[in-house]
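Have a look at the sequence and the model first, and then read on.

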Amino acid sequence: QEKEFRKLIFALCWFHAVMQERRKFGPLGWNIAYDFSNSDRDCCFQQLKVFLNKYDQVPYKVIYMLSGDVNYGGRVTDDWDRRTMNTLLKD
């Protein structure tokens, strides 16, 4: 599962970079200024390692829910921002 791990790490890094970059645009990026940090990304990495080592197939739904609703989504309070974040994560 090394190949899947590398792809998912890249995807999470890309997602984190987009989340951080949107902050630069003020209210055009996010309706509320959120403080996403590297610890959010690192927590996703650790969870990804655990799930890939535990299961034979990649649990995409679990990774999506934990990353979107718990790690990053726990800070997002605006409905439109949550919708944007979930769209970015899904794509």
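The largest cavity holds about 30 Å³ of space. A cavity here is a set of points on a 1 Å grid over the protein atoms alone where a 1.4 Å probe fits but cannot get out, and its volume is the space filled by probe spheres set on the points, which are joined across faces, edges and corners. The structure holds 1 cavity of 30 Å³ or more.

A word on the source: this is a predicted model, in which local features need pLDDT of at least 70 and side-chain atom pairs count only at pLDDT 80 or more, while totals for chains, interfaces and linings use all residues. Residues are numbered from 1 along each chain as its sequence is written, and side-chain values use heavy atoms, with hydrogens and water left out.

Which residues line the largest cavity? They are Cys44, Gln47, Leu48, Phe51, Ile63, Leu66 and Ser67, where a lining residue has an atom within 4 Å of a point. Helix H2 (38-54) and helix H3 (60-71) are the elements that give two or more residues to this lining, and H2 supplies the largest share, 4 residues. Helices are DSSP runs (H or I, at least four residues) numbered from the N terminus. By class, the lining has 5 nonpolar, 2 polar and no charged residues; Ala, Val, Leu, Ile, Met, Phe, Trp, Tyr, Cys and Pro count as nonpolar, Asp, Glu, Lys and Arg as charged, and the others, Gly among them, as polar.

Now to the helix packing. Two packed helices are described by the angle between their axes and the distance between the axes. Axes are lines fitted to C-alpha atoms over the stretch in contact, with angles from 0 to 180 degrees between N-to-C directions.

| Helix pair | Axes come within | Crossing angle |
|---|---|---|
| H2 and H3 | 11 Å | roughly 155° |
| H1 (residues 2-22) and H4 (residues 79-90) | 10 Å | roughly 150° |

H1 is therefore roughly antiparallel to H4, a label for angles over 145 degrees. The H1 and H4 crossing is right-handed, meaning that the near helix is turned clockwise from the far one by less than a right angle. Phe15, Val18, Met19 and Arg22 of H1 meet Thr84, Met85, Leu88 and Leu89 of H4, with contact meaning heavy atoms within 4.5 Å.

H2 and H3 are likewise roughly antiparallel to each other, and their crossing is right-handed. Their contact includes Asp40 and Cys43 of H2 and Val62 and Asn71 of H3. It divides into 7 nonpolar, 3 polar and 1 charged residues.

Note on methods
Angles under 35 degrees count as roughly parallel, over 145 as roughly antiparallel, 65 to 115 as roughly perpendicular and the rest as oblique. On a 1 Å grid over the protein atoms alone, a cavity is a set of points where a 1.4 Å probe fits but cannot get out, and a pocket is an open set with protein on both sides within 12 Å along at least five of seven lines; lining residues have an atom within 4 Å of a point.
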